[in-house]
Protein chains: 2
Amino acid sequence: MKRVKLIVAYDGTNYCGWQIQPNGVTVEEMLNHHLSQLLQEPIKVIGASRTDAGVHALGNVAVFDTEARMPADKISYAMNTRLPADIRILDSMEVAVNFHPRKSRTIKTYEYCIYNRRFPDPTKRLYSYFTYYSLDIEKMKTAASYLVGTHDFKSFSTWKAEVTDTVRTIYEITITKENDLIRIHIRGNGFLYHMVRIIAGTLMQVGQGIIRPEEIEKILEKKDRNAAGPTARPEGLTLVSIEYPQEEWTEPLIFQEK
Amino acid sequence: MKRVKLIVAYDGTNYCGWQIQPNGVTVEEMLNHHLSQLLQEPIKVIGASRTDAGVHALGNVAVFDTEARMPADKISYAMNTRLPADIRILDSMEVAVNFHPRKSRTIKTYEYCIYNRRFPDPTKRLYSYFTYYSLDIEKMKTAASYLVGTHDFKSFSTWKAEVTDTVRTIYEITITKENDLIRIHIRGNGFLYHMVRIIAGTLMQVGQGIIRPEEIEKILEKKDRNAAGPTARPEGLTLVSIEYPQEEWTEPLIFQEK
């Protein structure tokens, strides 16, 4: 038996997110189906990040166990001839049998992309959120600075019964504007349900002048979802990468769910 | 009666190109349909560039005549509430009644986008051509320099009975690489059928080392389509803009088809 790690990229437009569910096709389901066919045994992947419907990924991580003799590094090539064009395996490698994609300390990087012009660009519509409201980037940067660090992000998350610890650390938020495209780049040790989208929605309200940048501190203090701005639409969000510190997966598992 | 000019952007993925044809839905057809509904009279647009199936546009130009009283600058807003999300009118304005979008001197700008990495990025697949062959950008730049200027581009076009003059002027070709994305930016006074795609296909063969940069001169001299490289796939191509020198459309029409 070996454990294989996949780096998975996908266009989330046509999927009901990562996790298997009854209402539509998911990325997890596609991977299980094609891996099982390829390796001729029932395969169930475990994903690092269960992205929502419509959210994209350039580097999600999935792990599975197999008895198959195919070398781990060949699996990416074989899978890419089988998968639909909107899912690609960027890399496949054997990992330690105790490596768990969610039960490890990780650094996740997300990008929220906003297209800010009078009218939308049809060629950007699937991978960015369009708004014609003029956004003040400097105010958004100031607001973002209050979010960096270790905070209780309860105000910036949608409640989930199984999550009791809402403290997370954001290492960095950078906001850049190139032509009409604003990118919010955010790096942290884990994100709560909808957290990046609520941060993006709140920063856009700051950019519009609805929320003052300094108010972010109070929104954090309130620990109340209603204090923050709206959840920004999924098409603007891309999971860029998940970094696993090298030592994590040669050491015993850390069983704290993040 | 007034003549109205539209700046039209579209994602060409789901269209059989610009021009009305029996086998599928085209951008021209969508514009005629929704303009006719909006203005309550039969409208037929004339497009500046009849892009092929799968080719995108950020700034194609269409013109039509109407008796409707709606101010020309309001038409963009009204049309964008009716059109599907993959077509947008970026601007609408009244122009001189002798303005013809094809029978004027113009500067057209196209961009051919190549995604050059080991595996494709699913979120780029609709708007770039993917190749895993490593491309030598410096060689491609040298090759492109032979194409700039006024030349007979017969070798770089697919034959069309109605086109007898195959001399065109390319003002500029710039090739840039940012991460894994190579962009060929090309500006000229008019392009023959498939010309940008054949240039892109040929430059990619130069980048791969199949054609030497200096051979471009001989390919031009041969005036034979078979001398050049393949026609690159349509999804990589975007019509960026069409510039009409101000004096053109206040002067009598120039009846030389380009």
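1. Helices (H or I, at least four residues) and strands (E, at least two) are DSSP runs, numbered from the N terminus. The model is predicted: local features need pLDDT of at least 70, side-chain atom pairs count only at pLDDT 80 or more, and totals for chains, interfaces and linings use all residues. Residues are numbered from 1 along each chain as its sequence is written, while chains are lettered from A and ligands numbered from 1 in the order in which they are written.

2. Start with chain A. A:Asn179 sits in the loop between β8 (167-178) and β9 (181-188). Its phi is positive, near 55°, and the residue is not glycine. Buried or exposed? A residue is buried if 20 or more other C-beta atoms lie within 10 Å of its own, exposed if 12 or fewer, and partly exposed in between, with C-beta atoms placed from the backbone. A:Asn179 has 9 such atoms within 10 Å, so it is exposed.

3. Now chain B. B:Gln40 lies in the loop between α1 (27-39) and β2 (46-47). Its phi is also positive, about 60°, though B:Gln40 is not a glycine. B:Gln40 counts as exposed because it has 11 C-beta neighbours inside 10 Å.

4. B:Val206 belongs to helix α4 (residues 195-208) of chain B. B:Val206 is buried, because 23 other C-beta atoms lie within 10 Å.

5. What does B:Val206 touch, not counting residues up to four places away in sequence? The partners are B:Lys139, B:Met140, B:Ala143, B:Ile211 and B:Pro213. Contact here requires C-beta atoms, placed from the backbone, within 7 Å. The C-alpha atoms of B:Val206 and B:Ala144 are separated by 9.7 Å, with the two residues 62 apart along the chain.

Key
Contact = placed C-beta atoms within 7 Å.
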